Amino acid sequence: MAVNLVNVEAVGKVYGTRALLDGISLGVSEGDRIGVVGRNGDGKTTLIRMLAKLEEPDTGRVTQSGGLRMGVLTQHDSLDPAATIRHEIIRDMADHEWAGNAKIRDVLTGLFGGLDLPGFGQGLDTVIGPLSGGERRRIALAQLLIADQDLLVLDEPTNHLDVEGISWLAKHLQERRSALVCVTHDRWFLDQVCTRMWDVQRGSVYEYEGGYSDYVFARAERERIAATEESKRQNLMRKELAWLRRGAPARTSKPRYRIEAANELIADVPPPRDKSELMRFANARLGKTVFDLENVSVQAGPKVLLKHLTWHLGPGDRIGLVGVNGAGKTSLLRALAEAARTQGDVQPAAGSVTVGKTVKLAYLSQEVGELDPSLRVLEAVQRVRDRVDLGKGREMTAGQLCEQFGFTKEKQWTPVGDLSGGERRRLQILRLLMDEPNVLFLDEPTNDLDIETLTQLEDLLDGWPGSMIVISHDRFFIERTTDTVMALLGDASLRMLPRGLDEYLERRQRMIEAAAPAPAPVAAKSSASGDSRAAKKELQKIERQLNKMSDRETNLHAQIAENATDFDKVAKLDAELRELIADRDELEMRWLELAEDA
């Protein structure tokens, strides 16, 4: 039977006059993998802060099991700015000790790209103070994952990770034994890692079995049963439900809901995108030419990011652009945007970009543009346009589009200066779409957006007739909104990937393996250790032994603590521990000798 780790009993939390959480009762047990979703501001972070006892409830209580080892990743780290990365992650472990630990090596490689921390000037000895928020967050995450925990509580762990980093983290968490409670807007990640979902809505928390896809079906069924009016029925997540059932490979694990009822919900929903109809409409709006690149090179300072690129972006093309950080994704978009702004007068470092005469570009950059903070939300949208044509005879007023993006009638009169970062991001996207562009460049559009807003944006883009390039680390968003994936792999070229992001990750893995240094020749004096292959084999064997020893050492420490009053037993356990440490030291020395051979 699974041991209960944390209990939440009748918990309530009030901010001002608003009940953020009202009489919530939940539990976390050994082996639980829980994903927490809900709109921004509905209390997800507050809930997990109370779970971790970083915040006290106004009513009710939170209890944790005795001796619970809990690791918590919050939105703000507590790293010492004067310390080095080495000190914060590895502490006082000797090089041979941490280098012989498979878990530490895996975490450093997965989160930083290598044991030498490429990208950090001084490697492990880099001082933390001057680092960016994203770099500090990766250090805080590495610090957590290296430790042994019974429960991990993670608030937005995928923020500032690229596609490879997110894929590695999902695999790492799948293989850990510790329980997990995780707040994230990354739906692919939720599907990979979680087996239960908590949906935080208007003071309540609804529990669902399964990952994100199971949750979508189960929630739609729950709301279908509760809906008594057609207007309520129209608010269900029917478009996303249809896409999960028909438009993408099935991700659900088990049918934990009534499939017949789910199918009934989407019976009258058209396919996620009618590509041929959108293509015809895009041709009518754009003509034959959108962007034609001929032998183009793109530079960032002295660094050449792209060389001899010849590429055609046509009317109606929907491209997902992925690649390693620094490969030139944003630089490519900026070069195209500058050519569009000047109608081809400003060209890249080499080659030429031809821009279609009818191109009307909207570019969502990663930076949130400044707006007059005294403007109301509705006024800021109406400054662009009062009504927007969505194609196929569909039209929306500024107020209707605001509501679709989560700005209720009351919220539409909020001053822009009082909005959160996520709300300002939503407003920025809204203003772009109100200007009726026929080409969209979206650079990390999912930053700071909650899942409900993401699904609303995806629904709008489904029927949007034009050409689009999306840069995102959100795999779900790229699969949902684009038809073709193209990649910048860091070799100054652009490639189409027929199998999408799975193919990208495979190619990156092959590139990393090919770039790994070749084993050094085996010197005559080390012939006793065998050749390089034998050394590697023995290394792996030693690493497995060291991991077992580490577990045994932890167990012995726990037994000594439990039997603190039984001096005879403590003496025996202590002798066993000393012998174990001596054996481990010998194995670590052997590991270092073999590492030189391998």
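Colleague: In which sense do strand β3 and strand β7 pair?
Modeller: In this predicted model, β3 (residues 33-38) and β7 (residues 179-183) pair in the parallel sense over 4 bridges. Two strands pair if DSSP finds at least two bridges between them; strands are DSSP runs of E with at least two residues, and helices are runs of H or I with at least four, both numbered from the N terminus.

Colleague: Which residue in β7 stands opposite Gly35?
Modeller: Gly35 faces Cys182 there.

Colleague: What is the strand order in the open sheet?
Modeller: The 6 strands run β5-β6-β7-β3-β8-β9, with mixed pairing. Because β5 (70-73) and β9 (204-209) each have a single partner strand, one side of each lacks a neighbour in the sheet.

Colleague: Turning to α1, how many of its residues are buried?
Modeller: In helix α1 (residues 44-51), 6 of the 8 residues are buried, so the helix is largely enclosed by the rest of the structure. Buried means under 20% relative accessible area, exposed over 50%, and partly exposed in between, with a 1.4 Å probe and protein chains only.

Colleague: Which ones are they?
Modeller: Lys44, Thr46, Leu47, Ile48, Met50 and Leu51 are the buried residues of α1.

Colleague: Another topic: where is Val290 found?
Modeller: Val290 lies in the loop between α12 (275-286) and β10 (291-300). Val290 is buried, with a relative accessible area of 0%.

Colleague: How far apart are Val290 and Thr354?
Modeller: They are 64 residues apart in sequence and 7.9 Å apart in space, C-alpha to C-alpha.

Colleague: What conventions apply?
Modeller: Residues are numbered from 1 along each chain as its sequence is written, and side-chain values use heavy atoms, without hydrogens and water. Local features need pLDDT of at least 70 and side-chain atom pairs count only at pLDDT 80 or more, while totals for chains, interfaces and linings use all residues.
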